[in-house]
Amino acid sequence: MKEKKGYYGYVKKERIKRLITTLVLFALPLLFFVTGYVTTHSTKNLFTVIAVVGCLPGCKSLVGTIMIFLVKPMKEKDYKAIKAHAGKVLVGYELYITSYEHSEFVCAAAVHGSQIICYSDCLKNPPEILEEHIAKLMDQNGYHQKVKVFTRLEQFIDRLDTLNAHYEELDKTTFTPDPRYPDYNRNQMVMHLLYRLAL
């Protein structure tokens, strides 16, 4: 399963990528504006209109860039501790999950069977709000998942160890592959949906 999100270091890499994209998207309208001004010696030309309209994608990109710079990356020691206990369970890292009312940074999310467990050391709201949001979105996509969000790393690792200890018996959830993603098993499909929720 090759995804563009959900790996350790995603936030740092995404910051650089979005900053470069935003600068390029603002440089192009600036180039049009300067070209129009140099050729006509006035701002009242078609190049100015193109430059002004051309700023819209840059503005949209700037909002995403600001959002990603507000996110504090996961601590390396937390990543190493979780990775050491991941075992067979599918784990995704550094997910900034957004909704209309709230946005939360999830350091790690693990998926196995009908279980989703998350760890965040910087929740802005009670964990139940994020649990409800994730469960609702999974239900809307046809996956009934039990979601638990932990704010303490030790509790998350204990639950991760439990998922690994009972791996075979929890893996008996029925699943019909999605025709758009025929190579994904159920756990990969649920994780893919989590990635789609994330910024």
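1. Aromatic pairs. The structure, a predicted model, holds eight aromatic pairs. Rings of Phe, Tyr and Trp (its six-membered ring) pair if their centres lie within 6.5 Å; planes under 30 degrees apart count as stacked, over 60 as edge-to-face and the rest as tilted. One of the pairs is Tyr-7 with Tyr-10. It is edge-to-face, 5.7 Å centre to centre, with 90° between the planes. Tyr-7 is partly exposed, at a relative accessible area of 30%. Tyr-10 is buried, at 3%. Buried means under 20% relative accessible area, exposed over 50%, partly exposed in between (1.4 Å probe, protein chains only).

2. Tyr-8, Tyr-79 and Tyr-93 form one aromatic cluster.

3. Basis of the values. Residues are numbered from 1 along each chain as its sequence is written, and side-chain values use heavy atoms, with hydrogens and water left out. Because the model is predicted, local features need pLDDT of at least 70 and side-chain atom pairs count only at pLDDT 80 or more, while totals for chains, interfaces and linings use all residues.

4. Secondary structure. The protein chain has seven helices and four strands. Along the sequence the pattern reads α-α-α-β-β-β-α-β-α-α-α. Helices (H or I, at least four residues) and strands (E, at least two) are DSSP runs, numbered from the N terminus.

5. Overall shape. The radius of gyration of the protein chain is 21 Å. A compact globule of 199 residues would be near 16 Å. The radius is taken over C-alpha atoms, and the globule rule is 2.2 Å times the number of residues to the power 0.38. The C-alpha trace spans about 75 × 40 × 30 Å along its principal axes.

6. Of the 199 residues, 41% count as buried. The protein chain exposes about 11,700 Å², and carbon and sulfur atoms supply 61% of that area. Accessible areas come from the Shrake-Rupley method with a 1.4 Å probe; for residues, only the protein chains shown count as cover. Among contacts (heavy atoms within 4.5 Å) with a separation of 6 or more, residues 24 or more positions apart account for 65%.

7. Charges. The protein chain carries 26 positive and 20 negative charges, and their mean positions are 8 Å apart. Lys and Arg count as positive and Asp and Glu as negative; His and the chain ends are not counted. The place of a charge is NZ of Lys, CZ of Arg, CG of Asp or CD of Glu.

8. Gly-58. This glycine is found in helix α2 (residues 46-70). Gly-58 is buried, with a relative accessible area of 0%. Leaving aside residues up to four places away in sequence, Gly-58 touches Thr-22, Leu-25 and Phe-26. Gly-58 and Ile-157 are 99 residues apart in sequence and 41 Å apart in space, C-alpha to C-alpha.

9. Positive phi outside glycine. His-41 has a positive phi of about 55°. His-41 lies in the loop between α1 (10-40) and α2, and counts as exposed at 66% relative accessibility. Glu-94 has a positive phi of about 50°. Glu-94 is found in strand β1 (residues 90-98). At 1% relative accessibility, Glu-94 counts as buried.
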